[in-house]
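The following exercises ask the reader to study a structure step by step. Each task is followed by a worked solution.

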Amino acid sequence: VNVTSAEKAALSPIVGEFVYDTDLSSLQRYNGSNWVSVASGYGLVSVNDSSGIPAYYTDLQSAINASSADDEISIHSDLTLTSEVTITKRLRIAMNGNTITFNSATNGNTIDIVYTGSNGIFTFTGGGKIVRTGGTSSIANSLCIYRYTSDTLDLGSTQLINDFGTCIYALLGDVFNGKFWGEGTTVAATPANFYFANIYSNNGHGFYSNENNTFISNSIIYTPNGIGVNGRASARHCKITSGSNGINGCRNDAIGNTINSGGVGVGVGAAGVTVQNNIINSTGIGITSSGTTEIIGNTVTSVASAVYALTGSNIISNPLLKSTGATCVSGSRYGYVINNTIITTSNNSSHHGITTNDSATQHILNNYIEVANVGANAIVESKALTYVFSAGNTFKGMTTPLNLSNGNQQTNAEDSTGSVLIG
């Protein structure tokens with residue numbers, strides 16, 4: 001219907017009705033409160049209220065400002081922002097396959113999500129991309145998304161891309177799903193646990209946190225030139241491929257991961273951590289600990305030592321510990337090395353099965369220990385006041401299995417039932 005502006009103002013329209021304003025030369029649609037010009041931006045962004053009725057806006061921030069908590073905002077076209085967008089309420093963002101881009105030399109983020117949560121879920125649906133370009137490299141600035149709320153964030157299949165820095169810095173609530181491509185440290189969390197993420201860092205680390213109790217779970221992390229999981233964070237049931245360490249300095253349990261690393265597979269940064277049921281292939285040390293650690297159920301193949309334990313009363317019990325270029329289990333203090341298969345494949349007389357040099361009591365029991373060079377030993381200790389109790393072990397490949405400066409402290413023999421009392 002062709003109408004003048006005056007005729008249009010006299011109408012009693014319903015939502016969705018179209019007119020052509022001949023005074024403005026504009027095709028317009030009634031959104032329930034205003035006539036919106038199609039040519040000037042109708043269809044870029046809409047807000048669906050709780051009744052499902054859409055209102056249309058020409059820019060994302062205006063739509064967000066007009067929305068109420070738990071409304072759905074639909075993106076109908078690619079958007080290029082001139083400033084960061086701030087969201088202060090829980091919403092549902094339907095990306096509909098579109099891209100939101102913010103290109104700026106400032107420290108601003110593409111999207112800030114900052115509000116007090118209430119155990120709800122902020123969601124992105126419909127794929128699409130959130131892109132940040134042209135900023136500064138920092139884990140807390142120039143982000144695709146900065147998120148500070150206790151509500152859960154579900155990114156769905158939305159991809160976050162930052163061509164120079166970090167994709168997301170998440171505080172408080174957990175984050176589910178999402179694809180992350182970053183040039184530097186790609187994902188930062190303080191504290192926020194991540195689940196089902198797909199993370200790629202081109203020249204930095206994949207997942208970072210400085211909080212002890214933060215972890216990433218059931219995710220894929222690929223960092224060809226950096227660390228997979230860095231800081232104090234840990235990983236559970238992840239696939240990690242890294243050019244450097246797989247998990248570095250974790251202060252939380254590392255469980256059920258598959259790790260291929262160009263450095264240390266799992267580096268433990270505090271006492272009380274469990275490293276369990278991981279499959280590790282590393283060109284450095286497989287697992288290293290600096291405090292009391294339970295290292296159990298792991299399958300480790302490494303160029304350097306499979307396990308390097310410095311301090312604490314560690315428990316080491318694994319189906320396979322294999323080193324191709326060093327002593328397999330090394331360091332200073334273990335506590336209990338029980339029921340392991342320990343193999344050293346390098347033909348070097350100084351590459352032993354187990355070495356220890358700490359003034360402590362070591363129990364080395366019921367292991368299969370194999371070396372490649374007959375001049376190597378199964379177990380070596382070379383420090384006074386080190387007390388090694390060796391019992392029930394099976395040895396292969398060496399001429400002298402035990403090289404213990406204080407001798408084997410295990411003197412009790414088996415009883416009639418095959419049991420041995422360990423000292």
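**Exercise 1.** Determine which residues Ser217 touches, not counting residues up to four places away in sequence.

*Solution.*
Step 1. A contact requires heavy atoms within 4.5 Å.
Step 2. With residues up to four places away left out, Ser217 touches Phe194, Tyr195, Phe196, Arg236 and Cys238.
Step 3. Ser217 belongs to strand β25; helices (H or I, at least four residues) and strands (E, at least two) are DSSP runs, numbered from the N terminus.
Step 4. The relative accessible area of Ser217 is 6%, so this residue is buried. Buried means under 20% relative accessible area, exposed over 50%, and partly exposed in between (1.4 Å probe, protein chains only).

The model is predicted: local features need pLDDT of at least 70, side-chain atom pairs count only at pLDDT 80 or more, and totals for chains, interfaces and linings use all residues. Residues are numbered from 1 along each chain as its sequence is written, and side-chain values use heavy atoms, with hydrogens and water left out.

**Exercise 2.** Describe the aromatic pair that Phe194 and Phe207 form.

*Solution.*
Step 1. Rings of Phe, Tyr and Trp (its six-membered ring) pair if their centres lie within 6.5 Å; planes under 30 degrees apart count as stacked, over 60 as edge-to-face and the rest as tilted.
Step 2. The structure holds 10 aromatic pairs. In the pair of Phe194 and Phe207, the distance is 5.5 Å centre to centre and the angle between the planes is 70°, which is edge-to-face.
Step 3. Phe194 lies in strand β22 (residues 194-195) and Phe207 in strand β24 (residues 207-209), 13 residues apart, and the pair links these distant parts of the chain.
Step 4. Phe194 and Phe207 are both buried.

**Exercise 3.** Which parts does the pair of Tyr195 and Phe215 tie together?

*Solution.*
Step 1. Tyr195 and Phe215 are edge-to-face, at 5.9 Å centre to centre with 85° between the planes.
Step 2. Because Tyr195 is in strand β22 and Phe215 in strand β25 (residues 215-217), the pair ties together parts that are 20 residues apart in sequence.
Step 3. Tyr195 is buried at a relative accessible area of 17%, and Phe215 is buried at 11%.
Step 4. Ring pairs join Tyr195 and Phe215 with Phe176 and Phe196 in a cluster.
Step 5. The charged end of Arg236 sits over the ring of Phe215, 3.9 Å from its centre. For this, NZ of Lys or CZ of Arg must be within 6 Å of the ring centre and within 35 degrees of the ring normal.

**Exercise 4.** Is His205 buried, partly exposed or exposed?

*Solution.*
Step 1. His205 is located in the loop between β23 (198-201) and β24.
Step 2. Its relative accessible area is 23%, so His205 is partly exposed.
Step 3. Apart from neighbours within four places in sequence, His205 is in contact with several residues, including Gly184, Thr223 and Asn230.
Step 4. The side chain of His205 reaches the backbone nitrogen of Ile227 at 3.0 Å.

**Exercise 5.** Describe the chain as a whole.

*Solution.*
Step 1. The chain has two helices and 51 strands.
Step 2. Its radius of gyration is 30 Å, well over the 22 Å that the globule rule gives for 423 residues, so the chain is more spread out than a compact globule. This radius is taken over C-alpha atoms, and the rule is 2.2 Å times the number of residues to the power 0.38.
Step 3. The C-alpha trace spans about 105 × 40 × 25 Å along its principal axes.
Step 4. Of the 423 residues, 51% count as buried.

Definitions and conventions:
Polar contact = N/O pair within 3.5 Å; in protein donor to acceptor, adjacent residues only side chain to side chain.
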